[in-house]
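Have the sequence and the 3D view at hand.

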Amino acid sequence: MVQILSPQGVWHDHPDYPIQLSADQLRQALERLVIARRLDLEGTNLQRHGELSLWPPLRGQEATQAGAIMAVGPHDQVFPSYREQALAHWMGVTLPEILATWRGSAICPWDTVATRCSAYPVMIGSNPLHAVGYAMGIQRDGMVGRSVSCDDPATCDDPASCEDAAVMLFHGDGAMSEGDVNESYVFAASNHAPIVFCCVNNQYAISEPTTLIARGPLFRRVAGFGIRAVQVDGNDVVAMAAVLRDAMRRARAGEGPSFIEAWTYRMGAHTTTDDPTRYRSREEEAHWATLDPISRLQTHLLDAGLIDQDWLTDLDRRADDFGAEVRGAIAKIPEPDLVTELGRVYVDPTPENLRQQKELADWLALGEEEVADR
């Protein structure tokens, strides 16, 4: 397993994944970790208050997303799972757009081209084939291997010169039990597609442990498809950035797909309809709390003298301001219009789709009449 920043906050250079991050980049990474956690807290609270229909918590997995944004280039496309809320926001998706999905007000209200962030796949394992198809399109458009890609997309002085593109796809460990996901590996390997699969192994596929569906490491399974596969400490934001940068650089250069197994832990529930106390112990949760991605980076920065308590106090203030912004975003979301949204399932509605839309409209109208009669 690739690890650069230990749980105690000690930095150990990795021979295969060298990375240099400035003090500003490390401070920004810590801020992103804290903001991601605050977004999750506010989203969970909004659901508990009845403002959202559902919310998939990301607490504990912040480093996978904060590391990923440090590896995304100016022409790359990101295919998130439904848990990459923070990454979507950093890609340019607004807070009202993120929350609208979980309020039921829209299927995908953001511009997936402008943000380079595709729609959430609520159906488990439905997005890898889409992502591979997109990557094959990039390949056929000649957008791979044309120029030297950025080693550091976050600090590139001339993003326009980085013409190459690749796809970064996220799915969970449970998705690897889906046939579509395994088919996507076949297509990616066969076509040498410019895609990086980032499997966030948070130890549970809903309520079942990963060990039930995989008797060995997930990255070794994918290596059997002929795909370069690496396991990385998913709670180490520096290691995530280093490994994903390397994988995306290889993809843009035409060196084919990679698979990254991010070894992390979902500290919260699978979704707000789940009760994790029914299938895991407090001792297990306490163990993973000692591996927390925020505390290890914060410890490193404090020990290195790159931040102090005043800086952390100001970060708390910024997190509070962001939390207020998340709560305020609810007022900018329209009430769900299920009939209209059902009509947007297909570009060209099918007869069955139109029939369902009319049936729903009639049912809702009948309910309104009954309320009026009373």
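Strand β6 (residues 228-233) and strand β7 (residues 258-263) run parallel and are joined by 6 bridges. Two strands count as paired if DSSP finds at least two bridges between them; helices (H or I, at least four residues) and strands (E, at least two) are DSSP runs, numbered from the N terminus. From β6 the chain passes through helix α9 (residues 237-252) to reach β7, a right-handed β-α-β crossover. Right-handed here means that, with the strands pointing away from the viewer, the path from the first strand over the helix to the second runs clockwise.

This is a predicted model: local features need pLDDT of at least 70, side-chain atom pairs count only at pLDDT 80 or more, and totals for chains, interfaces and linings use all residues. Residues are numbered from 1 along each chain as its sequence is written, and side-chain values use heavy atoms, with hydrogens and water left out.

## A salt bridge in the helix

Within helix α9, R249 and D246 lie 3 residues apart, about one turn of the helix. They form a salt bridge whose closest N and O atoms are 2.9 Å apart; the term requires a side-chain nitrogen of Lys or Arg within 4 Å of a carboxyl oxygen of Asp or Glu. The whole structure has 24 salt bridges.

## Where the domains meet

An automatic or database assignment gives domain 1 (5-336) and domain 2 (337-373). Between them, 6 residues of domain 1 contact 5 residues of domain 2 (heavy atoms within 4.5 Å). The count of salt bridges between domain 1 and domain 2 is 0.
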